Amino acid sequence: MAQDIPPGCAPDGNPNTTVEGALLGGAAGALIGNVTSGRHDKAKGTVLGGVGGAVAGALIGNNVGQGNPCPQGYVYRAAQPVASRYVEPPPPPPANRGEVWYGAPSHIRERISFLRNRVETMDSDGWLSPRESNGLRRQIRDIERQEARIRSRNDGDLPPDARVHLNDELNAVAGRLRWNDYRTEHADRY
């Protein structure tokens, strides 16, 4: 008669959990004892940490499977969470011809570069005062730093709310460009 195996139970491939726990605990304890002991007590700290870790590891290893809903010879293995990578949301809607964002790329880093190029072009044409161009460049650098900090806290991802915030910040800088006036004066380019 076949035995019903509850969900989450898998064959126990290693019945020596006590020995394994003692070995792993001993190694970890020795390392911790060595690191935390004083300069002249390294040997003592390593030995005491190793013994303490081995005892703790053996006890933990011996208790593996206690309260286990699985039959003899099986261990409970919780379902592993599915790793999900954040997928960037769709880009903002395209701008109409003549607007400051017309032809802009969709990703934040590229939009930052695009806006920086707009500022550089307007500055080289003498359209911006030194104070305006320096202020705009500073704001763009600040947005770049914000983006880098957000990505570093989120494993390289840019959450949707952060993307919206950064786009709002970029739009605020773009609003200071007086783009329509510039475009009217430079109609041959735009």
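Student: What span should the 16 residues of H5 have at 1.5 Å a residue, and how far apart are its end C-alpha atoms?

Tutor: The expected span of a helix is 1.5 Å times one less than its number of residues. For H5 that gives 22 Å, and the end C-alpha atoms are 22 Å apart, which agrees. This is a predicted model, in which local features need pLDDT of at least 70, side-chain atom pairs count only at pLDDT 80 or more, and totals for chains, interfaces and linings use all residues. Residues are numbered from 1 along each chain as its sequence is written, and side-chain values use heavy atoms, with hydrogens and water left out.

Student: What span should the 24 residues of H4 have?

Tutor: At 1.5 Å a residue, H4 should span 34 Å; its end C-alpha atoms are 35 Å apart, which agrees. After H4 comes Asp 155, with a positive phi near 55°.

Student: How many helices and strands does the chain have?

Tutor: Helices (H or I, at least four residues) and strands (E, at least two) are DSSP runs, numbered from the N terminus. The chain has six helices and two strands, in the order β-α-α-β-α-α-α-α from the N terminus on.

Student: At what angle do H4 and H5 pack, and how far apart are their axes?

Tutor: Two packed helices are described by the angle between their axes and the distance between the axes. Axes are lines fitted to C-alpha atoms, for helices over the stretch in contact, and angles run from 0 to 180 degrees between N-to-C directions. H4 (residues 130-153) and H5 (residues 160-175) pack at about 175°, with axes 10 Å apart. That makes H4 roughly antiparallel to H5 (angles over 145 degrees count as roughly antiparallel, under 35 as roughly parallel). By class, this contact of H4 with H5 has eight nonpolar, three polar and two charged residues. Here Ala, Val, Leu, Ile, Met, Phe, Trp, Tyr, Cys and Pro count as nonpolar, Asp, Glu, Lys and Arg as charged, and the others, Gly among them, as polar.

Student: How do H3 and H4 pack?

Tutor: Their angle is about 170° and their axes are 10 Å apart. H3 is therefore roughly antiparallel to H4. Contact means heavy atoms within 4.5 Å; the residues that make it include Ile 112, Leu 115 and Val 119 of H3 and Leu 136, Ile 140 and Ile 143 of H4. By class, the contact of H3 with H4 has seven nonpolar, one polar and eight charged residues.

Student: At what angle do the axes of H3 and H5 cross?

Tutor: They cross at roughly 5° and come within 11 Å. That makes H3 roughly parallel to H5. On the H3 side, the contact is made by Ile 108, Arg 111, Ile 112 and Leu 115. Its classes are seven nonpolar, one polar and two charged residues.

Student: Which residues of H5 are buried?

Tutor: Buried means under 20% relative accessible area, exposed over 50%, partly exposed in between (1.4 Å probe, protein chains only). In H5 the buried residues are Ala 162, Arg 163, Leu 166, Asn 167, Leu 170, Val 173 and Ala 174. They cover an arc of only 135° around the axis, which puts them on the same side of H5; the arc is that of the directions from the helix axis to the C-beta atoms. On the other side of H5, Asp 161 and Gly 175 are exposed. The buried residues of H5 pack against H3 (108-124) and H4.

Student: What covers the buried residues of H4?

Tutor: The cover includes H3 and H5. Among the buried residues of H4 are Gly 135, Leu 136, Gln 146 and Ile 150.

Notes
Parallel < 35°, antiparallel > 145°, perpendicular 65-115°, else oblique.
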